[in-house]
Amino acid sequence: MKVDVLLGLQWGDEGKGKVVDVLTPDYDVIARFQGGPNAGHSLEFHEIKHVLHTIPSGIFHESSINIIGSGVVIDPIIFAQEIESLRELGVEPTKNLSISKKAHLIMPSHRELDAASEASKGKSKIGSTLKGIGPTYMDKTGRNGLRVGNVIGPDFMERYNQLKNKHKNILKQYDYSANIEQHEKAWFAGIEVLKQFKLIDSEYEVNNYLKEEYKILAEGAQGSLLDIDFGSYPFVTSSNTICAGACIGLGLAPSAIGSVFGIFKAYCTRVGAGPFPTELFDEVGQKLRDEGKEYGSTTGRPRRCGWLDLVALKYVVMINGITNLIMTKADVLDTFDTIKIATAYRIDGVETQEMPFDIDVEMEPVYKEFKGWKSSITDMRSEEELPAELLDFIRYIETETGVPVSIVSVGPDRDATIIRK
Ligand code: GDP
Ligand code: IMO
Ligand code: MG
């Protein structure tokens, strides 16, 4: 048995939460492997709309085992809030959620450091979600971090205070008034909530499940263009969001990876700063934002919108070894007369189909135009019903990437999903 991986292929918010929830009945285990509460994964079903940040999107299916892997960073305050809101919906997560002891903890001082660092950057702000992600991964790689497994150790308070004091010293160098202590009560209450869960050696757990022939789906957060190594650096997050991140964040051998599902929107969005070659600043961009309700699930910020970027899509298909594509939000384009896809960039008058080192340079996208289908696809449930113009659009993407589009999502609801043969 192999582990299948589901990844966002753009700058996040491609619809990972929705699709993982749809696929969960086919799997025994759903495991998050990186990122933290910077993620906001929305699920809609039976009139419920719910956003998950740290918890895997399989949680609503009682029979699925959900794992927060070692590559994830957890803020106990946000985690406790997530648990509370699940309990309000009648879900008892202690039954089917366990947490890696090796996952790192986001401390109140990490969040303050994130805010101080962003404030100091002025115009070159990354547009971080300010959840403390960068500073927590820095402490992990700097070998200073506090891990979930430490919460049950006798020296937990000592470790906590030592790291907090280190952060306080760093904060003195910023012109920023931090208030760590005001969040500590909630943070330690969150630690008590964490302790209600099975704290596991997730690498053993996942590999044992594999031996027992359990079906496992690894759920990515963010998107490949936010990857720390291959994204639009420095406007990226601080983890490996690509397929290889699933091996690192779950303790899996590369040979254990099976299908790699890459999810993308039929257009493109980005929240936060950084290059976005196909961004639209006109009424077409605003129409994408309005029709697609493109406002952040975590921060509520308006998302920047533009056309689908095939140069970037081919790049991430290569990096991730995508075996199946999943296209979401095509319904957002239902009323458009013309739809465009960028097939190349023109830089200094020269066309290229490769991502340049510095994607902040003047790059003019070269577009191919498609005729809009001008009809509502949201209620369609089979490939046969889909308009010919949309099928042309899909086939073009398949030909160019060499990967089949296996699922088309036509609305936010669990049911609004077409599995293609
Ligand atoms: P994630 O971070 O990848 O899980 O994506 P988000 O949940 O942040 O953002 C995706 C948004 O699009 C959510 O509001 C979803 O409910 C919604 N969504 C997902 N798939 C579709 C779709 O096919 N059509 C439409 N109209 N909305 C969708
Ligand atoms: P999901 O999983 C969209 C973006 C932020 C910012 C940059 C760095 O819901 O797709 P960070 O908080 O990690 O320091 O922010 O990355 N970002 C996301 N954008 N969706 C996400 O997650 C994101 N997680 C981080 O906006 O530009
Ligand atoms: Mg999101």
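This is a predicted model: local features need pLDDT of at least 70, side-chain atom pairs count only at pLDDT 80 or more; totals for chains, interfaces and linings use all residues.

Me: What makes F156 and W187 a stacked pair?

Reply: Two numbers decide it. Ring centres must lie within 6.5 Å to pair, and those of F156 and W187 are 6.2 Å apart. Planes under 30 degrees apart count as stacked, and here the angle is 15°, so the pair is stacked.

Me: Which parts of the chain does that pair link?

Reply: Distant ones: F156 belongs to helix α5 (residues 156-172), while W187 is in helix α6 (residues 184-194). The two residues are 31 residues apart.

Me: On to ligand 1. Why is the contact between D331 and ligand 1 called polar?

Reply: A polar contact is a pair of N or O atoms within 3.5 Å. A polar side-chain atom of D331 is 2.7 Å from a nitrogen atom of ligand 1, so that pair meets the cut-off. With G40 the polar atom is in the backbone, 2.8 Å from an oxygen atom of the ligand.

Me: How much of ligand 1 does the protein cover?

Reply: On its own, ligand 1 has 580 Å² of accessible area, and the protein covers 94% of that. Ligand 1 sits in the second largest pocket.

Me: What is the shell around ligand 1 made of?

Reply: By class, there are 3 nonpolar, 9 polar and 9 charged residues. Among the 21 residues around ligand 1, the nearest are K16, G40, S42, D331 and S409. Helix α1 (16-23) and strand β3 (41-45) each supply at least two residues of the shell.

Me: And ligand 2: how do you know that N38 makes a polar contact with it?

Reply: Use the cut-off of 3.5 Å for N or O atoms again. A polar side-chain atom of N38 lies 2.9 Å from an oxygen atom of ligand 2, so the pair qualifies. For S128, the distance from a polar side-chain atom to a ligand 2 oxygen atom is 3.1 Å. Q222 uses a polar backbone atom, at 2.8 Å from an oxygen atom of ligand 2. The protein covers 97% of the 550 Å² of accessible area that ligand 2 has on its own.

Me: Which residues come nearest to ligand 2?

Reply: Of the 21 around it, D13, K16, H41, T129 and T237 do. The shell of ligand 2 has 8 nonpolar, 10 polar and 3 charged residues.

Methods: Residues are numbered from 1 along each chain as its sequence is written. Chains are lettered from A and ligands numbered from 1 in the order in which they are written. Side-chain values use heavy atoms; hydrogens and water are left out. A residue is near a molecule or strand if one of its heavy atoms lies within 4 Å of it. A polar contact is a pair of N or O atoms within 3.5 Å; within protein, one must be able to donate a hydrogen and the other to accept it, and residues adjacent in sequence count only if both atoms are side-chain atoms. Accessible areas come from the Shrake-Rupley method with a 1.4 Å probe; for residues, only the protein chains shown count as cover. On a 1 Å grid over the protein atoms alone, a cavity is a set of points where a 1.4 Å probe fits but cannot get out, and a pocket is an open set with protein on both sides within 12 Å along at least five of seven lines; lining residues have an atom within 4 Å of a point. A molecule sits in a cavity or pocket if more than half of its atoms lie within 2 Å of its grid points. Helices (H or I, at least four residues) and strands (E, at least two) are DSSP runs, numbered from the N terminus. Ala, Val, Leu, Ile, Met, Phe, Trp, Tyr, Cys and Pro count as nonpolar, Asp, Glu, Lys and Arg as charged, and the others, Gly among them, as polar. Rings of Phe, Tyr and Trp (its six-membered ring) pair if their centres lie within 6.5 Å; planes under 30 degrees apart count as stacked, over 60 as edge-to-face and the rest as tilted.
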